[in-house]
Amino acid sequence: ALFKTQTSFSALNTIIGTLSGFLMGLYIPIGELPEMVQTVLKYLPFLHTSSLIRGIMTDEPLSRMFSSVPESYQSELESIRSFMGITVQYGDQTAPAFVSVLVLLLTIAVFFTLSVLMMSRKKKS
């Protein structure tokens, strides 16, 4: 609704696609990013989306991989999950999945409201 030409829409789509890949931790693990960037990402929906998907996809393989590891190394599993963006850490606490779902629902509500406002404004003109 904001663009007049297909070219400008495509250019913005490419930029947003690339940026979201970085924000989701697709190109670089979250643990490799500076602490300040990690903090910002924890409050955006991108990381929460990829965290939920990663949790589903890696739960069984990680459990099998760590099942034969001595008990003294089991605590490393949570460090790996946090570093790779499988879980979202707020300080010493691991956010449960419902927090990620809540962040996504709030994002949906905000953008739905914005699109309704934009469409109603466009209809009037």
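This is a predicted model: local features need pLDDT of at least 70, side-chain atom pairs count only at pLDDT 80 or more; totals for chains, interfaces and linings use all residues.

Q: How is the packing of two helices described?
A: Two packed helices are described by the angle between their axes and by the distance between those axes. Here, helix α3, residues 45-67, packs against helix α5, residues 97-124, at an angle of about 135°, and the two axes are 9 Å apart. That angle makes α3 oblique to α5, and the crossing of the two helices is left-handed.

Q: Which residues make the contact between α3 and α5?
A: From α3 the contact uses Pro 45, His 48, Thr 49 and Leu 52, while α5 contributes Ala 97, Ser 100, Val 101, Val 103, Leu 104 and Thr 107. By class, the residues of this contact divide into six nonpolar, four polar and no charged.

Q: Is Ser 100 buried or exposed?
A: Ser 100, which is found in helix α5, has a relative accessible area of 3%, and because buried means under 20%, Ser 100 is counted as buried. Leaving aside neighbours within four places in sequence, Ser 100 is in contact with His 48 and Leu 52, both of which belong to the α3 side of the helix contact.

Q: At what angle do α3 and α4 pack, and how far apart are their axes?
A: Helix α4 covers residues 76-84, and α3 packs with α4 at an angle of about 150°, with the axes 12 Å apart. Since angles over 145 degrees count as roughly antiparallel, α3 is roughly antiparallel to α4, and α3 passes α4 in a right-handed crossing. The contact is made by Arg 54, Asp 59, Leu 62, Ser 63 and Phe 66 of α3 together with Glu 76, Leu 77, Ile 80, Arg 81 and Met 84 of α4. Sorted by class, this contact has five nonpolar, one polar and four charged residues.

Q: Which residues form the largest nonpolar core?
A: In soluble globular proteins, nonpolar side chains tend to be buried together. In this model the largest nonpolar core has seven residues, namely Leu 23, Ile 30, Leu 33, Leu 41, Leu 47, Val 88 and Ala 95. One of them, Leu 33, touches Ile 28, Gln 38 and Leu 41, not counting residues up to four places away in sequence.

Q: Where does Gly 25 lie, and what does it touch?
A: Gly 25 lies in the loop between α1, residues 6-23, and α2, and at 8% relative accessibility Gly 25 counts as buried. When residues up to four places away in sequence are not counted, Gly 25 touches Ile 30 and Arg 54.

Q: Is Tyr 43 buried or exposed?
A: Tyr 43 is found in the loop between α2, residues 35-41, and α3, and with 59% relative accessibility Tyr 43 counts as exposed. The C-alpha atoms of Tyr 43 and Ser 100, which are 57 residues apart along the chain, are separated by 9.6 Å.

Q: How far apart are the C-alpha atoms of Phe 112 and Glu 35?
A: These two residues are 77 residues apart along the chain, and their C-alpha atoms are separated by 31 Å. Phe 112 is found in helix α5, and Phe 112 is exposed, with a relative accessible area of 57%.

Notes
Residues are numbered from 1 along each chain as its sequence is written. Side-chain values use heavy atoms; hydrogens and water are left out. A nonpolar core is a set of buried Ala, Val, Leu, Ile, Met, Phe, Trp, Tyr and Cys residues joined through side-chain atoms within 4.5 Å. Buried means under 20% relative accessible area, exposed over 50%, partly exposed in between (1.4 Å probe, protein chains only). Contact means heavy atoms within 4.5 Å. Axes are lines fitted to C-alpha atoms, for helices over the stretch in contact, and angles run from 0 to 180 degrees between N-to-C directions. Helices (H or I, at least four residues) and strands (E, at least two) are DSSP runs, numbered from the N terminus. Angles under 35 degrees count as roughly parallel, over 145 as roughly antiparallel, 65 to 115 as roughly perpendicular and the rest as oblique. A crossing is left-handed if the near helix is turned anticlockwise from the far one by less than a right angle, and right-handed if clockwise. Ala, Val, Leu, Ile, Met, Phe, Trp, Tyr, Cys and Pro count as nonpolar, Asp, Glu, Lys and Arg as charged, and the others, Gly among them, as polar.
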